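Please open the model in your viewer and keep the selection panel at hand. The tour goes from one selection to the next.

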Amino acid sequence: MHRSDKFQETRTSFRFFFLLLQHMTLRRLLNMVQTFLSFYFSKWTKKPVHWGKPFGVSIEPTTACNLKCPECPSGLRAFTRSTGNLKTDFFRQTVDQLKRDTTYITFYFQGEPFINPAFLDMVAYASNEGMICATSTNGHFLTEEVCERIIESGLHHLIISVDGMTQEVYEQYRIAGNLETVLEGMRTMVKVKRKRRSIYPLISMQYLVVRPNEHQIDMARSVGAEIGVDRVLFKTAQIYDYKDGSDLIPTIDKYARYKEVSPGKWTIKNSLPNHCWRLWNDAVITWDGKVVPCCFDKDAKYVMGDLKEENFEDIWNGTNYKSFRSSVLDSRASIDICQNCTEGCKVWE
């Protein structure tokens with residue numbers, strides 16, 4: 001990791017730590033301890049037990065997106081599941097079930113969150129209920145008015161994807177995107193934060209490293225520092241059809257999730273150990289209330305339950321979740337959505 005990145009990451013990590021302390025209650029702390037203990041007990045005994053509730057959840061504001069990124073179901077318009085926008089009343093009902101035990105909520109699964117017109121109202125509701133709120137955006141909607149509303153909503157962490165430092169490079173992955181719009185949006189967000197003397201949201205500029213943009217990594221560091229974001233993150237990319245190679249797999253090994261095992265044949269670096277922290281630590285909720293095991297189940301193939309028919313606790317401790325956790329403890333590599341998963345290996349710089 002570059003020295004400036006280390007400093008940014010250390011400083012931001014302290015801010016996240018204090019943010020966690022501010023939102024921690026005795027009940028949430030007990031839930032965290034129960035989650036850790038049940039995960040390690042399950043890992044060691046191969047028996048799927050859970051004594052707590054998820055520390056965090058991801059919820060999907062929308063499946064719609066303004067871009068057409070080649071490794072994204074939203075961008076490809078390739079979902080087989082239903083698509084739409086998260087409704088406010090349903091969201092509030094869900095938060096009310098989770099807020100006493102769950103600390104962190106990520107407003108993202110698929111799609112661009114800011115397309116949902118009620119998105120920031122939902123952030124405000126969760127924030128007012130004492131939950132840490134984060135989201136990830138492609139950065140095309142960050143007008144000054146929206147940035148003011150972001151501050152007012154109480155959003156704590158804003159991840160902005162910027163995957164290239166010139167338009168020519170950027171649009172090779174962020175198809176239909178405009179780099180200058182995104183950079184100007186980041187500048188506006190930083191400006192509004194400073195004007196209002198607000199610590200939050202912490203702003204992460206996220207750079208998804210692929211072969212077409214890997215030569216601009218140092219430029220990304222410089223641009224992030226010049227704009228004044230809290231940190232610059234370099235993330236590895238998931239490639240769907242990686243086994244025969246891909247023009248998107250970086251040549252810089254540490255930024256690639258995959259390795260060439262024979263000429264023209266590739267495999268994921270992760271050994272896929274038979275455990276998965278995500279199945280104990282968090283859950284993913286689609287816009288229409290389906291609970292799925294993790295963010296790798298983009299098409300909601302493995303539905304653990306439906307929040308419009310059951311409450312969250314019954315789903316979390318239900319037969320479907322127990323069966324899926326048991327399958328992961330038995331043979332994670334045999335589950336299709338796990339076969340391209342990086343859980344258990346280092347994927348961030």
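What follows is a walk through a helix pair, a cavity and a pocket.

This is a predicted model, in which local features need pLDDT of at least 70 and side-chain atom pairs count only at pLDDT 80 or more, while totals for chains, interfaces and linings use all residues. Residues are numbered from 1 along each chain as its sequence is written, and side-chain values use heavy atoms, with hydrogens and water left out.

Select residues 144-153, helix α6, together with residues 179-195, helix α8: the two pack at an angle of about 50°, with their axes 9 Å apart. That angle makes α6 oblique to α8, and their crossing is right-handed. Now show the side chains in contact (heavy atoms within 4.5 Å), which on α6 are Glu144, Cys147, Glu148, Ile150 and Ile151, and on α8 include Met189, Val192 and Lys195. The residues of this contact divide into 5 nonpolar, 2 polar and 5 charged.

Next, select Cys276, Leu279, Pro293, Cys294, Phe324, Val328, Arg332, Ile337, Cys338 and Cys341, which line the largest cavity. A cavity is a set of points on a 1 Å grid where a 1.4 Å probe fits but cannot get out, and lining residues have an atom within 4 Å of a point. The volume of the largest cavity is about 60 Å³, and its lining has 9 nonpolar residues, no polar ones and 1 charged.

Finally, centre the view on Gln238, Tyr240, Phe296, Asp336 and Asn340, which lie nearest the centre of the second largest pocket among its 16 lining residues. A pocket is an open set with protein on both sides within 12 Å along at least five of seven lines. About 330 Å³ of space lies in this second largest pocket.

Key:
Axes fitted to C-alpha atoms, helices over the stretch in contact; angles between N-to-C directions. Helix = DSSP H or I, 4+ residues; strand = E, 2+ residues; numbered from the N terminus. Parallel < 35°, antiparallel > 145°, perpendicular 65-115°, else oblique. Left-handed = near helix turned anticlockwise from the far one by under 90°. Nonpolar A, V, L, I, M, F, W, Y, C, P; charged D, E, K, R; others polar. Points joined across faces, edges and corners; volume = space filled by probe spheres on them.
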